[in-house]
Amino acid sequence: MIPCLGMPGLPHREKGSAARMTAPLDLDSSAQVATPEAVLAGMGPVEGRSLTQIAWLRLKRDKLALGSGLFILFLVIVAILAPLITKITGGSPTEFHTELIDPNYGTPIGHLSGISSTHILGVEPVNGRDVFARIVYGARVSLTIAFLATGVSVAIGVVMGMMAGYFGGIIDSAISRLMDVLLAFPLLLFAIALVAVLTDYSLPGLGLDNTRVAILVLIIGFFNWPYIGRIIRGQTLSLREKEYVEAARSLGAGPGHILFKELLPNLVGPILVYATLIIPVNILFEAALSFLGVGVRLPNPSWGGMLSIASQGWFQIDPFFMVVPGLALLLTVMAFNLFGDGLRDALDPKANR
């Protein structure tokens, strides 16, 4: 007869083993598994991240873009503090130092570039103006014109692009054809002709120099708005079909409210990215006009004007005259381009970095 579980004939060892196998779990024992609430008890509340915080974290991981942004910030501070910096160094962007120039050759006395403790980057040939002071003030001129022209382009392009994308129909066709005409317009030739015609024209209260700067800002800003206008138009065509736009329209919101309260906040990302990418283009355009002699009026400093002076044969005597303003343009344009690329990646909602 085979003994069964629980019968008196069952060995004590087997009975104890069966008891352990069939005993229910003791929920009050110290070996039980911790519940999720117990695991999260000491972690505190979990906070979400806004789109701005996510973009900033992505931008911080891009060391090249972050370094470029810091360089741009440094350049802006230098441009703002240009009078103080040149006062400390003792240089002047418009003061002639003919005593430092060899009257026979037109080159700086001593070293070819005239570098000294007073003129840390030397002096220009023929006139002896301090190169460092002109570089610092040239940064102020270039950034001022580029920022103002970019502001004009962005303001016009955003408004026209949103109107074309939102209303569609004949408004879209008219604005799109206007963009095509302006994009096909020979901007450089028009700027040269217009500035040459208005050389001696002065706006009330501005003077000749500030009038020339205002004309450059208006020309560059007005003829560059179609580029951002086309981008904003395409984005608006996509956003106008979103649910929040339909909800605002169903609640009785007018076109003005939808354009500037609903659509515009969602276009901030593309606007910022394009603005950082068009600023270096405007800097180069101003430098090109100054190089051709129709930009900033001499003796006011400009990087393009300094390159123009160096190209008149002086760079063959001493390449340093061309290296300094050329390097300033190269580093500035590269910094804006790298920062714009990094900002575009940081603001991309589909990026997985």
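Tutor: What follows is a close look at one helix, its partners and a ring cluster elsewhere in the chain. Keep in mind that the model is predicted.

Start with helix H6, which covers residues 131-167. Two packed helices are described by the angle between their axes and the distance between the axes. H6 packs with helix H11, residues 255-263, at an angle of about 115 degrees. Their axes lie 11 Å apart. The crossing of H6 and H11 is right-handed. On the H6 side, the contact is made by Met162, Tyr166 and Phe167. On the H11 side, the residues are Pro255, Ile258, Leu259, Phe260 and Leu263. Sort the residues of this contact by type: eight are nonpolar, none is polar and none is charged.

Now move along H6 to Thr150, which is found in this helix. Is Thr150 buried or exposed? Thr150 has a relative accessible area of 4%, so this residue is buried. Leaving aside residues up to four places away in sequence, Thr150 touches Ala275, Ile278, Ile279 and Asn282.

Next comes Ile135. Again leaving out residues up to four places away, Ile135 touches Trp303, Met306, Val324, Pro325 and Ala328. The largest nonpolar core has 26 residues. Ile135, Leu143, Ile283, Trp303, Leu329 and Phe336 touch the most other members of that core. H6 gives two or more residues to this core, and so do helices H3, H4, H12, H13 and H14. The largest share, eight residues, comes from H14. A second, separate core has 21 residues, among them Ile175, Val195, Val217 and Trp225.

Finally, look at the rings. The model has six aromatic pairs. Phe185 and Phe190 form an edge-to-face pair, 5.3 Å centre to centre, with 80 degrees between the planes. Phe185 is partly exposed, at a relative accessible area of 35%. Phe190 is also partly exposed, at 28%. Phe223 counts as buried, because its relative accessibility is 9% and the cut-off for buried is under 20%. Ring pairs link Phe185, Phe190, Phe222 and Phe223 into a cluster.

Methods:
Residues numbered from 1 in each chain as written. Predicted model: local features only at pLDDT ≥ 70, side-chain atom pairs only at ≥ 80, totals over all residues. Heavy atoms only, no water. Axes fitted to C-alpha atoms, helices over the stretch in contact; angles between N-to-C directions. Helix = DSSP H or I, 4+ residues; strand = E, 2+ residues; numbered from the N terminus. Left-handed = near helix turned anticlockwise from the far one by under 90°. Contact = heavy atoms within 4.5 Å. Nonpolar A, V, L, I, M, F, W, Y, C, P; charged D, E, K, R; others polar. Core = buried A, V, L, I, M, F, W, Y, C linked by side-chain atoms within 4.5 Å. Buried < 20%, exposed > 50% of the residue type's maximum accessible area, 1.4 Å probe, protein only. Phe/Tyr/Trp six-rings, centres within 6.5 Å; stacked < 30°, edge-to-face > 60°.
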